[in-house]
Amino acid sequence: MKAAQIRRYGDSEVVEINQSTPSLNDPSEGKVLVKIKGAGVNPADWKIREGFFKQMAPLQFPSTLGMDFSGVIEKVGEGVSPDLKQGDEVYGQAGVLTGGSGAFADMALANADAIAHKPRTLSHEQAAGLPLVGVSAWQALVETIGITKSKKILIHGGAGGIGSISIQLAKNLGSHTATTVSTNDIQFVKEELGA
């Protein structure tokens, strides 16, 4: 199995493509084994690689990088909802800091509660770009702010990852949505996102 791994913290030169990573074991309780079809890259990935989180969550080396993914379930561990089964297309997170095995690999173990069925209208590549930004936008708008119809919201950085998802989510929930962007991104957020 191939995987993008590190054996120590550092800049991009510490990343190596290991062509013979040991195959993953059968998933333990509450986990699924997924064949990766697409992986998303986030700023947190380089921060993990460089050791920004090593005081609170040190890595075991070698460590496979990557959190966000999209793929197909190969095996299901005990205690996983019957809604998730072999052959299902899913997306979610498999980062090592949250109990996964790392998404930058041919296969990954992920917690069943950190995945969902992939939207049929999205490719694996598109779905792999959603987990971190989607969850962040949802937590901010729905869980923290409690956005509802008729509320007004200003989203800073509307052309970025979390900002662009936040605009779409807020619009879908019926709010009046305004944003800040650079002049190059005005058309994108107005015409494509609806701000």
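In this predicted model, helix 3 (131-145) and helix 4 (161-172) each supply at least two residues of the lining of the second largest pocket. The second largest pocket has a volume of about 160 Å³, while the largest pocket holds about 280 Å³ of space.

**Second largest pocket**
- The lining of the second largest pocket is made up of Leu 130, Gly 134, Val 135, Trp 138, Ile 165, Gln 168 and Leu 169.
- By residue class, the lining of the second largest pocket comprises five nonpolar residues and two polar ones, with no charged residue.

**Largest pocket**
- The largest pocket is lined by 19 residues, and those that lie nearest its centre are Thr 21, Pro 22, Leu 24, Thr 64 and Ser 101.
- Strand 4 (63-64) and strand 7 (107-111) each contribute at least two residues to the lining of the largest pocket.
- The lining of the largest pocket divides into 11 polar residues, seven nonpolar residues and one charged residue.

**Helix 1**
- Within helix 1 (residues 43-50), the residues Ala 44, Asp 45, Ile 48 and Arg 49 are buried.
- When helix 1 is viewed down its axis, its buried residues fall within an arc of 140 degrees, so they line one face of the helix.
- Strand 1 (3-6) is included in what covers the buried residues of helix 1.
- Following helix 1 is Gly 51, which has a positive phi, near 95 degrees.

How values were computed:
Residues are numbered from 1 along each chain as its sequence is written. This is a predicted model: local features need pLDDT of at least 70, side-chain atom pairs count only at pLDDT 80 or more; totals for chains, interfaces and linings use all residues. Side-chain values use heavy atoms; hydrogens and water are left out. Buried means under 20% relative accessible area, exposed over 50%, partly exposed in between (1.4 Å probe, protein chains only). Helices (H or I, at least four residues) and strands (E, at least two) are DSSP runs, numbered from the N terminus. The arc is that of the directions from the helix axis to the C-beta atoms. Contact means heavy atoms within 4.5 Å. On a 1 Å grid over the protein atoms alone, a cavity is a set of points where a 1.4 Å probe fits but cannot get out, and a pocket is an open set with protein on both sides within 12 Å along at least five of seven lines; lining residues have an atom within 4 Å of a point. Grid points are joined across faces, edges and corners, and a volume is the space filled by probe spheres set on the points. Ala, Val, Leu, Ile, Met, Phe, Trp, Tyr, Cys and Pro count as nonpolar, Asp, Glu, Lys and Arg as charged, and the others, Gly among them, as polar.
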